[in-house]
Amino acid sequence: MRNEKSPALDTHETSTAKFKRLRRLRMTESLRSMVRETELSAKDFIYPLFVVPGSGIRKEVSSMPGVYQQSIDEIRRECIDVKTLGIPAIILFGIPEHKDEVGSEAYAENGIVQTAIRAIKKEVPELVVITDVCLCEYTSHGHCGIVRNGEIVNDESIELLTKEALTHAQAGADMVAPSDMFDGRVQAIRGVLDQNGFHHLPIMSYAAKYASGFYGPFRDAAESTPKFGDRRSHQMDPANSDEALREVEQDILEGADIVMVKPALSYLDVIRQVKDRFNMTTAAYNVSGEYSMIKAAGRNGWIDEPRVMMEVLTSIKRAGADLILTYFAKEAAKLLR
Ligand SMILES: [Zn+2]
């Protein structure tokens, strides 16, 4: 042996070396925390809740461990918990007593969501109550709007959605979130809210919502599976991202205050493009299927569930989401404390 040190390594250790020792800043947790680019906070989360008629009801959704359909009394208690954990907002989905062709309970003054809003605002006034505005939980056929000759009609359905949004506002909602993906609904809802004195009520639009297989477990929770057909004539094709930008742009022009991409995990590229293009407050929905897959794998011991949960939520924020709607909100907030 003529030399202990390899000439190659010598070269690398001179100041003119070609490769960089990027590991230097990863050597201790203190260093890692100094250079960490994305930090999750409980304030990033919006917690979805499913409200059902009755009292004393807290029924676990079989495909979503840890997620419950709850009556208003239970929801009130839940909201105190949510607030205590530092989560600023919830989004309400209602499961009505009766469903019909036109989703009447969606816009009834004393509908399930309207009644829940009043109860929550009385109990925890500081908690931001967002309401999902759609008809699919309320129609007997499970579609997001009115169906005529097998077609989900656009403009007529929007009229009902504006009524629904207005009753939510009148009940005391802090924000409405139309999730239907019909054309022109943000403009219509903005108009009706403004005409009725709700100029300051923000709209969070489900702006780029895809026709996704990841919604499966949600339909158990919200009892909103379509009885026939699917949602592909109004929700987006998973293959498209240019179209997502057109959808988002349109909603912004119509008056959306926050734009949402849904689902989150398979659409991180869309979240990033939306954030870069529009500089709007951007929300992402970490949907039921994304939640249930992690829960199932965690329960089987196949993954470290809390670790994967935090990794997924961090990735959604890193992609550009300012707000994350997630069933993990409470668990993640507890870990972040
Ligand atoms: Zn719907």
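Which strand and which helix each supply at least two residues of the lining of the largest cavity? They are strand 9 (204–209) and helix 7 (216–222), and the legends below begin with that view. The structure is a predicted model, in which local features need pLDDT of at least 70, side-chain atom pairs count only at pLDDT 80 or more, and totals for chains, interfaces and linings use all residues. Residues are numbered from 1 along each chain as its sequence is written, and side-chain values use heavy atoms, with hydrogens and water left out.

**View 1. The largest cavity and its lining.** Two cavities of 30 Å³ or more are held in the structure, and the largest has about 100 Å³ of space. Among the 13 lining residues, C136, K209, F218, R231 and K262 are the closest to the centre. The lining divides into five nonpolar, two polar and six charged residues. On a 1 Å grid over the protein atoms alone, a cavity is a set of points where a 1.4 Å probe fits but cannot get out; a pocket is an open set with protein on both sides within 12 Å along at least five of seven lines; and lining residues have an atom within 4 Å of a point. Grid points are joined across faces, edges and corners, and a volume is the space filled by probe spheres set on the points. Ala, Val, Leu, Ile, Met, Phe, Trp, Tyr, Cys and Pro count as nonpolar, Asp, Glu, Lys and Arg as charged, and the others, Gly among them, as polar. Helices (H or I, at least four residues) and strands (E, at least two) are DSSP runs, numbered from the N terminus.

**View 2. The second largest cavity.** This cavity has about 40 Å³ of space. Its lining consists of Y47, P48, L49, F50, V67, Y68, Q70, E78 and Y327. By class, seven are nonpolar, one is polar and one is charged.

**View 3. The largest pocket and M181.** The largest pocket has about 210 Å³ of space. It is lined by 15 residues, of which M181, R232, S233, H234 and Q235 are the closest to its centre. The lining has six nonpolar, four polar and five charged residues. M181 is placed in the loop between strand 8 (175–178) and helix 6, and its phi is near 75 degrees, a positive value in a residue other than glycine.

**View 4. The packing of helix 5 and helix 6.** Helix 5 (residues 155–171) packs with helix 6 (residues 185–195) at an angle of about 45 degrees, their axes 9 Å apart. Axes are lines fitted to C-alpha atoms, for helices over the stretch in contact, and angles run from 0 to 180 degrees between N-to-C directions. In contact (heavy atoms within 4.5 Å), I158, L161, T162, A165, L166 and A169 of helix 5 meet R185, A188, I189, V192 and L193 of helix 6. Nine of the residues in this contact are nonpolar, one is polar and one is charged.

View 5. K262 and P263 are joined by a cis peptide bond, with omega about -10 degrees. P263 lies in the loop between strand 10 (258–262) and helix 9 (268–278).
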